[in-house]
Amino acid sequence: MNCKEAINLIDGYLDGELDPLISQTIEQHLRDCPGCDQAYTAHGSLMRAIGSGSPYYRAPAGLRERIQSSLRVEIAGQPVRDLAQPAQRLYPRSQPVEKTFLSGMPWNWLALAAAIVVAAIITFNLAPRLRPGTDQLLATQLIASHVRSLMANHLTDVASSDQHTVKPWLDTKLDFAPPVVDLTNAGFPLIGGRLDYLDNRPVAALIYQRRKHFINLFVWPMESNAVNAPQTISRQGYHLLHWVDSDFNYWAVSDVNAADLQTFKQGFEEQTRPH
Amino acid sequence: MAVALPLRPTHVSKSADFESNQKVVKFVVVNKDRKHDHSQTGEVTSFEEAMLPHLDAAHNLARWLLRNEQDAQDVVQEAYLRAFRSFGGFHGGNGRAWLLTIVRNTSYTLLKKNRAADFTTFDEEIHASSDESVGPATILEHSEDAELIKEAINELPAEFREILVLRHQEGLSYKEIADIAQIPPGTVMSRLARARSKLKEYLAARIGKDK
């Protein structure tokens, strides 16, 4: 993040309305940049001054009573108008029956709306697809893990471009043996491996490089009952690509473009497919 | 007749399928009317329970938008009437934001009628004379000066006054502000940023003048 970007986000940050990840990036920048840090402090003071310095105009005594009596005048006038309406509505046969029915029964619409909502909820829960909420939460965790790995200089626990070094190391640390393949020929050299913790369990993170970019590939065993279709998510400039094979769940996270990520996935699948 | 008395509105439509019987229709109308009376009093009570707690917020917003106490009270009263009439469309949720939207719209109707000047595009030339030498520290020293801040806010155009009040006095989220001011959520941050930086300029200009 450069200074211009940091200053553009100053209001959102101080209002606490930014994504936690972006906030983190800003905090990182403020630690490194005294100029921006000072601007943030000054802007924060201004904001507090607006809040504490400006008068709050409470409603004066009497306004409440004025409103209450005007509401009663309002309903007192109502029945006269209403009396005329049913008479006009009911007598002529030509008047569509539905109209009378509906205007008298807003609750039917509410009930219908409620039924639709209930049906939608049931459909969502019964559908074997991934539940959107869980998925979004996982996506957030995945991006956070990816960003943290780049930010904190903790990209790898075992740095090696040799799959036969990375794989045994991971095997000893985890209760499963993730596939590790060399994709140098496809343009994705292996950088190393790392342990991570996602979705309430330890997972393997394999790090591949694409030009100047890094791809974190998170791998953990498939839940037996999961029916996971391949899917892509794009968020905050990051692309997430998800696929499964008979044993494992894969989530690739990176800022490389979506097409590169697809190539990566294909390369990986070709290598892991049983021959 | 024994059948006619407990008629609920559901049955009114069915009765229309019968031959137009004056007698039956008459009973239906009386019945509906009495029910109506009763439910309306109940409706006022539940409306008041839901909306009167937000009276201060409603008044504060109108007062800042109109910059005039009498207009503010008139607008708040009118807004409560409008809110009551459309209360059927309010299905719970954020009552304060719902009411403030109506207060805001009612205020703008009056503003547009009375003071077209408030909606002229912001004149950068007139206000560009701020004293650049007044730094944040000086502004801070004056931050307790309520009169100064009030005057500076009152110089801002309505859309800026509104967003500052909603954020700094009501503490509403960007999402709620977007709903009330009827702008895209993505616009809230940039509008707030512009409002604050204009306010800073005005404060600096006023402090510079007093020096």
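**The core and its surroundings**

A: The largest nonpolar core has 46 residues, and those with the most contacts inside it are B:Ala58, B:Leu61, B:Ala62, B:Val76, B:Ala79, B:Leu99 and B:Val103. A nonpolar core here is a set of buried Ala, Val, Leu, Ile, Met, Phe, Trp, Tyr and Cys residues joined through C-beta atoms within 7 Å. A residue is called buried if 20 or more other C-beta atoms lie within 10 Å of its own, exposed if 12 or fewer do, and partly exposed in between, with C-beta atoms placed from the backbone. Helix H11 of chain B, residues 185-210, gives the most to this core, with eight residues. Helices (H or I, at least four residues) and strands (E, at least two) are DSSP runs, numbered from the N terminus.

The model is predicted: local features need pLDDT of at least 70, side-chain atom pairs count only at pLDDT 80 or more, and totals for chains, interfaces and linings use all residues. Residues are numbered from 1 along each chain as its sequence is written, while chains are lettered from A and ligands numbered from 1 in the order in which they are written.

Leaving aside residues up to four places away in sequence, B:Ala79 touches B:Ala58, B:Ile102, B:Val103 and B:Thr106; two residues are in contact if their C-beta atoms, placed from the backbone, lie within 7 Å. A second, separate core has 31 residues, among them A:Leu142, A:Val181, A:Ile215 and A:Val256.

Chain B as a whole comes to eleven helices and zero strands. Buried residues make up 30% of its 211 residues. Of the contacts in chain B between residues at least 6 apart in sequence, 69% join residues at least 24 apart.

Two packed helices are described by the angle between their axes and the distance between the axes. In chain B, the axes of helix H5 (residues 95-114) and helix H10 (residues 174-181) come within 8 Å and cross at roughly 35°. Such axes are lines fitted to C-alpha atoms, for helices over the stretch in contact, and angles run from 0 to 180 degrees between N-to-C directions. The crossing of H5(B) and H10(B) is right-handed, that is, the near helix is turned clockwise from the far one by less than a right angle. From H5(B), B:Ala97, B:Leu100, B:Thr101 and B:Arg104 meet B:Glu176, B:Asp179, B:Ile180 and B:Ala181 of H10(B). By class, this contact has four nonpolar, one polar and three charged residues; Ala, Val, Leu, Ile, Met, Phe, Trp, Tyr, Cys and Pro count as nonpolar, Asp, Glu, Lys and Arg as charged, and the others, Gly among them, as polar.

Helix H8 of chain B (residues 146-155) has B:Ile149, B:Ala152 and B:Ile153 buried. Seen down the axis of H8(B), these buried residues fall within an arc of 100°, so they line one face of the helix; the arc is that of the directions from the helix axis to the C-beta atoms. On the other side of H8(B), B:Glu147 and B:Asn154 are exposed.

Chain A, where the second core's A:Leu142 and A:Val181 are found, has ten helices and seven strands. Buried residues make up 24% of the 275 residues in chain A.
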